[in-house]
Amino acid sequence: MNYVPNTDRDRSEMLADIGVSSMEELLSDIPREVRLQRHLALPAPMSEYDLARHMGALASKNRTTDDLVSFLGAGAYDHFVPSVVRHLVSRSEFYTAYTPYQAEISQGMLQAIFEYQTLMCELTAMDVSNASLYDGATAVAEAAAMACRQTRRRQVVISVAVHPEYRATLRTYARNLGIEVLETGMKDGVTDIEELDRLVSSATACVILQSPSFLGSVEPMGKAAEVAHRSGALFVACVDPISLGILAPPGEYGADIAVGEGQGLGSPMSFGGPYLGFLTCRQDLVRNMPGRVAGETHDPDGRRGYILTLQAREQHIRRERATSNICSNEALSALAAAVYLSWLGKDGVRELADLCLQKAHYAFDRITALPGFEKASRAPFFKEFVVRTPIPPEEVSAGLLRSRILGGLPLGRHYPEFGDAMLIAVTEKRTKEEIDSLCRALEGLA
Amino acid sequence: MTMPLIFERSEAGRRAYSLPDCDVPRKDATELLPGWALRKRAADLPEVSEVDLVRHYTKLSQRNHGVDVGFYPLGSCTMKYNPKVNEDAAALPGFNALHPYQPEELVQGALELMYELGRYLCEIGGMDEATLQPAAGAHGELTGLMIIKAYHESRGDGAKRTKVIVPDSAHGTNPASAAFCGYKVVEVKSDGRGGVDLDSLRAAMSDEVAALMLTNPNTLGLFDENIVEIAKIVHGAGGLLYYDGANMNAIMGIARPGDMGFDVLHFNLHKTFSTPHGGGGPGSGPVAVKKTLAPFLPVPVVEKKDGKFVLDYARPQSIGKVKAFYGNFNVMVKAYAYIRALGAKGLREASENAVLNANYLMRKLAPYYHLPYDRHCKHEFVLSGEYQLASGVHTGDIAKMLLDYGFHAPTVYFPLIVKEAIMVEPTETESRDTLDAFVDAMIGIAQLAEKDPEALHTAPHKMVVGRLDDVTAARRPVLRWRPNKQTNAG
């Protein structure tokens with residue numbers, strides 16, 4: 001199978017029209033010494049039926065979160081994806097399109113991006129949004145680079161309570177960009193504001209905190225923003241968009257840039273990607289913002305339309321002076337988020353956040369009442385929390401799997417001081433019965 | 001007719017959502033969270049019914065052109081057909097409903113797929129080891145350059161090698177990625193045949209150069225015949241060769257970047273390997289390298305140990321992570337399925353037909369449009385709107401007129417070294433009938449340019465909107481909707 005419509009007759013007639021005698025003649029400018037003199041060593045081609053069976057067999061070697069009851073979060077969440085999202089992002093007019101360079105023939109995607117930008121501004125209470133970035137980790141790195149451009153400073157301060165993979169990605173980007181990264185510690189389960197205050201100086205471009213943090217805690221974002229602003233640094237808030245139905249949004253506590261992972265907004269977990277990096281910011285930062293952005297405009301008859309705009313920031317115009325090298329982003333995930341947020345609406349987004357909050361707190365109360373299981377801090381939390389376990393958390397995970405439960409993430413690899421602890425996530429999908437059965441299984445293991 | 005925004009369809013009290021009941025004892029949020037942590041003003045999201053929601057986005061989809069709608073000859077983007085069976089495979093719960101932190105023994109199928117895909121890509125590119133972590137082509141470029149930097153640093157050469165060379169025909173992402181990696185960009189000229197000018201390259205080369213970034217065939221669609229000499233010049237001065245895989249669709253099974261002397265390459269799975277581009281992503285930009293560079297790949301790398309697939313983080317020289325988790329896995333599933341469907345023979349046939357279709361179109365259009373480099377092209381070619389300029393018609397006008405014929409426009413005004421450039425990439429999945437219809441449209445437009453240039457200046461005429469004002473959009477940006485028009489400044 002190769003999906004090529006040309007027949008042998010087409011090919012010979014086309015070669016004649018071109019004025020060559022063979023395909024080989026068209027390839028004659030490729031030097032012999034670099035021509036592959038054999039066939040590629042790849043498995044034999046497959047019919048569609050054989051391929052479908054093969055893919056099914058490969059998929060069945062995995063145990064899915066549908067087969068198990070999942071309490072695993074840590075940056076990828078088992079939220080419900082309504083049918084409308086899957087159906088609408090499966091419209092092939094959307095998914096088989098390229099980036100909407102020709103606006104008049106791409107109004108559907110451009111309007112959807114414009115709606116996405118508006119929805120994200122509303123949710124984060126910020127002024128402007130870009131059209132998306134790769135994921136939460138790269139969004140943090142891009143925000144740091146953006147803050148350095150804006151302030152002309154070369155140092156960022158980030159809390160250790162930010163997702164370890166986001167910090168690792170930031171370090172990789174920063175090292176190559178010549179940006180210094182300082183990490184500030186935790187006290188009582190949240191970022192230590194006093195230590196942060198000592199680290200931040202007139203050299204600091206931005207302070208980055210995540211709320212809820214990787215460990216689930218609602219962080220003192222307002223205080224951190226004050227610390228940053230006192231030194232003329234920007235404050236970057238990395239947030240869970242689902243939490244914003246109930247938690248204060250970045251715009252309410254003085255964030256200059258808000259970023260985060262938007263997977264929860266209608267994208268499946270898909271073993272880690274594709275996800276949705278989002279970035280919203282204050283109005284006056286817009287010309288330093290990375291990535292695509294859609295804007296409203298008009299045609300000669302005054303009809304409203306949408307177009308990719310402020311392109312003077314971007315790589316295809318500005319080349320090495322661009323605000324970022326990003327080109328393809330995650331437009332289809334942004335479309336999923338737009339559909340998902342419109343599906344939820346004003347009341348739904350609050351109800352959903354409340355459901356996560358209620359179920360997570362019920363689970364927390366039940367688990368920490370079990371002998372040997374203890375809370376790690378008294379910090380407020382949203383849908384995820386840390387519990388110390390009486391036996392090593394890796395053994396807890398293995399034990400839970402025997403009850404078809406996917407337990408929380410053992411934290412030792414990322415935080416040695418939490419070597420005896422597990423990070424448990426509870427979304428709206430978990431029922432009381434499932435939480436109770438988790439508790440029964442934990443009790444049996446202790 | 002103005003298409004309403006989803007916000008303009010909102011009616012207080014309407015709803016599409018349905019959420020599970022709260023089956024645990026409910027407490028007031030103020031009991032569970034401190035007051036300062038709570039949201040004060042609710043997010044003003046639209047309130048619509050499910051049917052309104054579905055109709056809204058269905059209507060938007062009908063205002064959008066994709067490969068499934070018609071021809072999409074966007075140069076350098078390889079808008080080939082996206083096989084449906086791949087979509088079905090990627091939607092299987094066995095791939096979709098997997099958490100990235102599930103224990104390895106529960107995701108052996110996913111890891112096997114990633115391991116095998118990495119091996120296939122290495123075979124196709126002539127490389128030794130691969131990472132699937134980068135999320136797009138530009139992300140792959142950045143990752144590849146970081147690997148190059150780490151390599152030079154490991155040899156004590158990092159501080160000295162501060163420059164990256166890119167040809168003047170390069171994609172904009174090349175210099176942008178180099179700058180984002182902390183490199184100074186040096187541009188080299190193209191020669192009269194469209195390849196890298198060897199004298200310029202020799203003059204630019206020194207022990208301060210970390211790498212040369214090259215696309216081959218280049219953005220003119222021309223194979224650089226001097227590639228072996230180019231590699232010799234760059235390697236001779238201790239630099240490395242980076243291959244931008246955007247144009248890989250020309251050479252699968254015909255020639256391999258690794259055999260041409262390239263040390264690092266990125267693939268665009270959303271171009272060459274048929275995964276849909278999603279209207280601007282998700283893409284996937286795996287990077288493959290020669291053995292000497294393998295220690296620097298991002299972590300984790302999927303390895304096979306004792307018949308089991310594992311995620312290897314124990315790579316002390318790794319550049320680290322460039323993204324959370326392992327990359328755009330769902331896109332990898334589709335690319336894997338594509339390679340398995342085609343096999344070696346199918347991939348080679350795909351490339352051959354891509355080259356055939358491009359040359360056919362080029363020869364048919366050459367009498368009507370200026371062809372600045374008159375030689376066999378590979379998978380794409382570049383025309384110039386220079387003839388039409390004489391009657392005051394610009395390439396942008398030609399592009400807009402094409403939309404009225406039901407075709408997406410080619411890439412225009414790129415590469416920068418061709419005046420009024422029109423870059424056409426038909427791909428192998430278009431039939432001769434489609435190509436002929438496109439030729440007819442282009443000839444019609446060329447004739448119209450002479451007879452009635454005004455008709456082109458005002459194109460398009462048949463789209464849902466007329467030509468949109470991009471100058472006002474950039475000068476007075478409106479980047480979000482607001483209920484009160486007076487405050488609608490973006």
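How many salt bridges does the rule find across the interface of domain 1 of chain A and domain 2 of chain A? The rule finds 1 there; a salt bridge is a side-chain nitrogen of Lys or Arg within 4 Å of a carboxyl oxygen of Asp or Glu. The count between chain B and chain A is 17 salt bridges.

This is a predicted model, in which local features need pLDDT of at least 70 and side-chain atom pairs count only at pLDDT 80 or more, while totals for chains, interfaces and linings use all residues. Residues are numbered from 1 along each chain as its sequence is written, chains are lettered from A and ligands numbered from 1 in the order in which they are written, and side-chain values use heavy atoms, with hydrogens and water left out.

**Domains of chain A**

- Domain 1 covers 69-80 + 345-445, and domain 2 covers 83-341; the bounds come from an automatic or database domain assignment.
- Their centres, taken over C-alpha atoms, are 27 Å apart.
- Contact (heavy atoms within 4.5 Å) links 31 residues of domain 1 with 30 residues of domain 2.
- The two domains bury about 2,200 Å², 66% of it on carbon and sulfur atoms. Buried area is the accessible area (1.4 Å probe) that two parts lose on being put together, summed over both.
- In domain 1, A:Val349, A:Phe382 and A:Tyr415 lose the most area to domain 2, together 23% of what that side buries.

- A:Lys383 and A:Asp240 join their side chains in a salt bridge (2.8 Å, N to O).

**Interface of chain B and chain A**

- Chain B gives 211 residues to the contact and chain A gives 191 residues.
- About 17,300 Å² is buried between the chains, with 62% from carbon and sulfur atoms.
- On the chain B side, B:Arg39, B:Phe180 and B:Leu479 lose the most area to chain A, together 5% of what that side buries.
- A:Lys346 and B:Asp44 form a salt bridge through their side chains (3.9 Å, N to O).
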